[in-house]
Amino acid sequence: MEIRKISDYIWEIPATAKEGMLVPARIYATKKLLGEMDKGVFEQVTNVACLPGIQKYSYCMPDGHWGYGFPIGGVAAFSRENGVISPGGIGFDINCGMRLIRTDLTLSEVKPRIRELVDMLFKTVPAGVGSKGLVKLSVEEFKRVMIHGVDWCIEKGYGWEHDKERIEEYGCIPGADPSKVSEKAISRGISQLGTLGSGNHYLEIQVATPNKIFDKDVAEAFGIFENQILVMVHCGSRGFGHQVATDYLKIFDTAMRKYGIVVRDRELACAPFNSPEGQDYYKAMACAANVAFANRQVIVHRVRESFSEVFRREPDELGMDIIYDVAHNVAKIETHEVDGEEKELLVHRKGSTRCFGPGRKEIPEIYRKIGQPVIVGGSMETGSYLLVGTEKAMKETFGSTMHGSGRTMSRTAAKKKVIGAELKKEMERAGIIVRAVSMAGLAEEAGFAYKDISEVVDTMERAGISRKVVGLRPIGNIKG
Amino acid sequence: MPGTEITSPVCLKGIQARAGTKSIVVPHTVLPVFGISISFKPWGFHEPKNDDHPVYSPFYLYNINGIYKFWLSEQIPHINYLDMAKPETQKPNFIGLQANLGIGSGDQMPYRFLEDIATGDAAFEAESRTLEELFREAAIATFEVMVDTKGVEPQITREVELKNESVDGLLFDWLSELVYLKDAEAVLFCKFNVNIKKNDSYKLKARVSGENINQQKHSLRSDVKAVTFHMFEVKKTRENWTARVILDI
C-alpha cells in the first residue's frame, strides 16, 4: 500500500490506494510508530475511507492499532445529510472515557496514608467481572439516567451543581431516547451504576511531579500545582453500553443491504445517519453515553467520600473539583470547516479524544480562552498526561487527538511473561500501591504490553495538535 | 489441530506408537480411568535437563466415533506429571486431563486460545465432533476468559432458547446471550447442556448452570464486553465442527 510522507508526523495513503476510497487516509505518527503499527491499521483506515459521506480524510492517531471495523485511534467525520453512522466507529464500550479530579492535597500528605486510601476506594468503587453498583435503580429511574446523564446524578446528590460544566457535553448528550434501547440492555446495565469494570479500566491516584509540569500557566488555569495529588478514572458505559452496541451491530448487519451499502468488513456495519436505523442507533448511543457520564459521576462521588473519610475533611474543603471528563468512544454532531464552509458533521472518535482549541463554544467558559483539557491514559506503570487542545487540531483533525498508548502485546502473551502477584510486588517497590480484583487481569495490564505513551503524546505535540500540560505519575491503583 | 507429530516412541501403558504417528488408536478396554503418563520429546517443548527428569506434556484425549485420539497442547511450556491410575479401573468414556486447561471428564474436545490474533481482546478456536459439543466448548472458553470455571459450582440453572437461520448466527447469539446473562444476573456459568435441532432454521435449547459471582471465592479474570464479528467463523470439516471467535474485553 502506498504511503506518502506529508510531514515528519503525517503520513497519507492516497485515495487511489484502494478501490472505493472516497478520501485519502491520514495517519499521525512518527516514522518509528508508523513502522510499529500492525497491518490491520492500514487495512481498516482505508476501509473507513470508503464509507459514504466521509469528509476530508479517514484518520488514525499515533496510538492506533486494529480494532473492529474502525482502527482504535480512528477518527472519521461524515456529512450530516448524506453520511453514515457506524457502531464500529464508536466501539462496544460507548463513551469509554477519562475523568480527572483535582485535590488540594500534596504527595507528602497522601503518601503515608496511601494504603488506607487505596483500600477504602477498593471498598467503595466496585470493580471486576459482573460487579454490582451500590446505587439501586428502578427501570424508570434508569431511563431518567439515560436522558439526563450527570444532571440526574446531581439531582440525587451524587455530585455538585458545577460539576457538569467540567464534563464534555456538560455530562449529557441531547437526543437520548430510552425507547430505542432494548429491554436486554436495560436489564444488563441496571445494577452496574458506579462500577469500574475490568480489563484496562482503572481508578488511579496520581501526583503532578514538578519536573513534569510542561506549561505552568495552563496548569495553573486547570487547577494544577506541584506535587499535587489527583485522581483519574477510566471506564465507560458498562454492560448497558456493551449491549446497546451488540444489539445495533446486529441490526445494522442486516439493514446495510437495504441501503445498498457494501463494506469490506462486517464490523464496519453502518447505515445512513438519516435512516430510521441510523437515527435509532444515535439515540440509543446517546443513552449509553449519558449512562457512562453518570457512571463516572457516581464513581467520583465515591472517590470524594473515600478521601473525606480518610482525611477527615469535607470533599469541598479538599478542593476535589473535576478538572475535566472526556469521551474517547463516541460520535458527536459538531460544526467544522470543510473547504471554507461551516458544515454540520457526525464525528466518530474511536479510541480518540476530542481536543478542541481556544474559543470553541463547547468548551466551558472557565477554560474557553485556553483550550479544552484532554486526558490521555498511559499504562498503569508509566503514568498519564493532561494536555490542551489547539487551533491547529480544529483545522487538521476535526479537533481530535489520541486517547492512550495502545497495546503491543496480546493479553495471553502478557500473562505468560509475568505473574500478577509478582507484578503487584514490583509495582509496590516502584511506589505504586495496587488493589486488583483479578491477578490475571493485572498481569495482562503490565506496562511492557503497551506502547510508550510519551512517544505517542510527543508526536501530537510536535504535530501541533495537542500540547502537554502535565505528566501524572501513579502512586495508587484500583483495577477490576 | 488434532494430532501432533510424535518424534520418539510413545509408551502408553502397553500401547506403542511409532515416531511420526499423528494419532494413537487406543482401544477403550485398556484406557486407564485417570491420567496417562508418557515420556517423549514433544514438538516445540523444552529439552529435559537429564534423563531423570523427563518433560511431560499435557494432552487431550478425545473420542471420535469410539476411537481415542490424542492431541498435544503447544500452549503450556511446563507441565505436571500425572499419576497413573490402575488400568483395571477402565471406563469406556473419554477422560479429560490437565485440569488447568479447563478440561473435565466427559465427551468433549478442546478449545484453545489464540495468542497472535487479538492484542487487546481474547480469541479462541474450538473444534468438536458435534455441533452441540462445539457450542458447549465455545461457552466454556468464553467463561474461562472471565473465571477459572473449575472453581464455579453448578448451583443456579437457566434455560436458553434461541433460533437462527444460520449456524454461525446461532453461535453468535448463543455466546452473546451468555455474556448478557453474566451481567444481567451476575452469574458465571460452568456447565452447559446443549441441544440443537435443524428444520428450516436452527433451534437451540440449552440448560446452563453456574453460580452468582463471588469475588472472594472465584478466581476472576477479565470481563467480556461482547462477542465480535471479527474473523467469526463456524465451519464443518470432514469429521468435525470448528469455530473461531474473538471476544471484546
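How much area is buried between chain B and chain A? In this predicted model, the area is about 3,400 Å², and carbon and sulfur atoms give 54% of it.

**View 1. The contact between chain B and chain A.** The contact draws 44 residues from chain A and 38 residues from chain B. Thr119(B), Lys225(B) and Phe229(B) together supply 22% of the area that chain B buries against chain A, more than any other three residues.

**View 2. Polar and charged pairs across the interface.** Between chain B and chain A, 5 salt bridges are found. In one salt bridge, Lys250(A) is joined to Asp173(B), with the closest N and O atoms 2.7 Å apart. The interface also holds 14 residue pairs in polar contact. On the side of chain B that touches chain A, at least two residues each come from α2 (167-184), β10 (226-227) and β12 (241-248) of chain B. The element that gives the most to this side is α2(B), with 9 residues. By type, the residues of this side of chain B comprise 19 nonpolar, 9 polar and 10 charged.

**View 3. An open sheet of chain B.** In chain B, 3 strands with antiparallel pairing form the sheet, in the order β7-β9-β8. Its edge strands are β7 (156-164) and β8 (187-198) of chain B. From one strand to the next, the twist averages 20 degrees. Strands β8(B) and β9(B) (residues 202-212) are linked by 11 bridges, and Val194(B) stands opposite Ala206(B) in β9(B).

**View 4. Helices against the sheet.** Helix α1 (residues 131-146) of chain B lies across β8 and β9 of chain B, at about 160 degrees to β8(B). Helix α2(B) touches β7, β8 and β9 of chain B as it packs on the sheet, and its direction makes about 150 degrees with that of β7(B).

Terms used: Residues are numbered from 1 along each chain as its sequence is written. Chains are lettered from A and ligands numbered from 1 in the order in which they are written. This is a predicted model: local features need pLDDT of at least 70, side-chain atom pairs count only at pLDDT 80 or more; totals for chains, interfaces and linings use all residues. Side-chain values use heavy atoms; hydrogens and water are left out. Contact means heavy atoms within 4.5 Å. Buried area is the accessible area (1.4 Å probe) that two parts lose on being put together, summed over both. A salt bridge is a side-chain nitrogen of Lys or Arg within 4 Å of a carboxyl oxygen of Asp or Glu. A polar contact is a pair of N or O atoms within 3.5 Å; within protein, one must be able to donate a hydrogen and the other to accept it, and residues adjacent in sequence count only if both atoms are side-chain atoms. Helices (H or I, at least four residues) and strands (E, at least two) are DSSP runs, numbered from the N terminus. Ala, Val, Leu, Ile, Met, Phe, Trp, Tyr, Cys and Pro count as nonpolar, Asp, Glu, Lys and Arg as charged, and the others, Gly among them, as polar. Two strands pair if DSSP finds at least two bridges between them. Axes are lines fitted to C-alpha atoms, for helices over the stretch in contact, and angles run from 0 to 180 degrees between N-to-C directions.
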